[in-house]
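Student: I am new to reading structures like this one. Could you go through it with me, one feature at a time?

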Amino acid sequence: MPLTVLTGRTIAFLVAPEGAEQVELTVPWQAVAEAGGTPRLLSTRTGLVDAYRHLDRADAFPVDDVVGVAHPGAYDGLVLPGGVANPDFLRLDRAAVALVHQLTAAGRPVAVTGHGAWTLIEADAVRGRTLTSWPSIRTDLVNAGAYWADEPVHVCRDGPGLLVSGRGPSDLPAFTEALVTEFAHARPAGGPHPPWAVAHEPVPSRHAAAEAEAEAERD
């Protein structure tokens with residue numbers, strides 16, 4: 001593929017303020033940039049995000065856009081890096097869950113690797129989809145209605161938009177190749193915005209709903 005296959009496309013990389021697995025952020029980011037795309041780093045607050053190499057703090061990266069402020073129509077695709085703490089934080093943030101829900105419901109292409117699928121589960125975006133992940137969250141995905149595949153990378157088209165998933169750092173070459181190839185063939189976001197499932201309003205996460213129900217029972 002030519003190096004300009006993603007020219008004119010803006011790809012959101014969503015991570016928590018800390019905990020993202022660094023290579024799962026930087027390697028796909030570089031692949032998008034080398035393909036002519038514009039990667040933008042999203043998080044739940046301004047400033048810097050701290051990435052990790054497994055359990056060790058690594059480098060810091062500047063945030064471009066903040067969830068809850070950024071409009072989903074600005075992005076042609078979404079990448080969800082892994083790392084254990086990263087998606088665990090994001091799935092408790094209503095604005096982050098809302099953004100993922102909006103983009104997936106509108107059919108934007110999504111790429112997720114490692115533990116990143118936890119955020120997709122929270123956004124109810126894996127039901128009926130087939131994907132791979134870090135093996136330890138296989139049961140979480142199956143319980144959320146997904147089909148799990150033990151593959152370096154899996155491309156699922158059975159849904160509103162394509163879903164590219166990878167197992168983890170060792171599979172990044174195959175993952176990034178599929179990401180660039182599939183995102184290049186996806187419909188760009190230009191033109192009229194699609195009917196967003198939720199416009200500018202954060203959807204309550206499953207955790208928030210459970211907490212509200214428990215609070216009501218206590219009352």
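Student: Where in the chain is the place of Asp124?

Tutor: Asp124 sits in the loop between helix 4 and strand 9 (130-131). Helices (H or I, at least four residues) and strands (E, at least two) are DSSP runs, numbered from the N terminus. Before going on, note that this is a predicted model, in which local features need pLDDT of at least 70, side-chain atom pairs count only at pLDDT 80 or more, and totals for chains, interfaces and linings use all residues. Residues are numbered from 1 along each chain as its sequence is written, and side-chain values use heavy atoms, with hydrogens and water left out.

Student: What is the phi of Asp124?

Tutor: Start with the general idea: most residues other than glycine have a negative phi. Asp124 is not a glycine, yet its phi is positive, at about 55°. His54 also has a positive phi, near 60°, and is a residue other than glycine. The loop that holds His54 runs between strand 4 (48-53) and strand 5.

Student: Is His54 buried or exposed?

Tutor: Buried means under 20% relative accessible area, exposed over 50%, and partly exposed in between, with a 1.4 Å probe and protein chains only. His54 counts as exposed because its relative accessibility is 61%. Asp124, at 42%, is partly exposed. Over the chain of 219 residues, 53% count as buried.

Student: Which residues of the largest nonpolar core touch the most other members?

Tutor: In soluble globular proteins, nonpolar side chains tend to be buried together. A nonpolar core is a set of buried Ala, Val, Leu, Ile, Met, Phe, Trp, Tyr and Cys residues joined through side-chain atoms within 4.5 Å. Here the largest one has 32 residues, and Leu14, Leu78, Leu80, Leu120, Val126 and Leu141 touch the most other members. Helix 3 gives this core its largest share, five residues. There is also a second, separate core of 26 residues, which includes Val15, Ala20, Val66 and Leu179.

Student: What does Leu120 touch?

Tutor: Contact means heavy atoms within 4.5 Å. Not counting residues up to four places away in sequence, the residues touched by Leu120 include Leu80, Val100, Val112 and Leu163.

Student: Which residues is Arg57 in contact with?

Tutor: Arg57 belongs to strand 5 (residues 56-62). Leaving aside neighbours within four places in sequence, Arg57 contacts Glu18, Asp50, Ala51 and Tyr52. Some contacts are polar: a pair of N or O atoms within 3.5 Å, where within protein one must be able to donate a hydrogen and the other to accept it, and residues adjacent in sequence count only if both atoms are side-chain atoms. The side chain of Arg57 has such a contact of 2.8 Å with that of Asp50, and one of 3.2 Å with that of Tyr52.

Student: Which residues lie nearest the centre of the largest pocket?

Tutor: Rolling a probe the size of a water molecule over the atoms shows where empty space is left. On a 1 Å grid over the protein atoms alone, using a 1.4 Å probe, a pocket is an open set of points with protein on both sides within 12 Å along at least five of seven lines, and lining residues have an atom within 4 Å of a point. The largest pocket has 16 lining residues, with Glu21, His54, Gly83, Val84 and His115 nearest its centre. Strand 2 (residues 18-21) gives the most to that lining, four residues.
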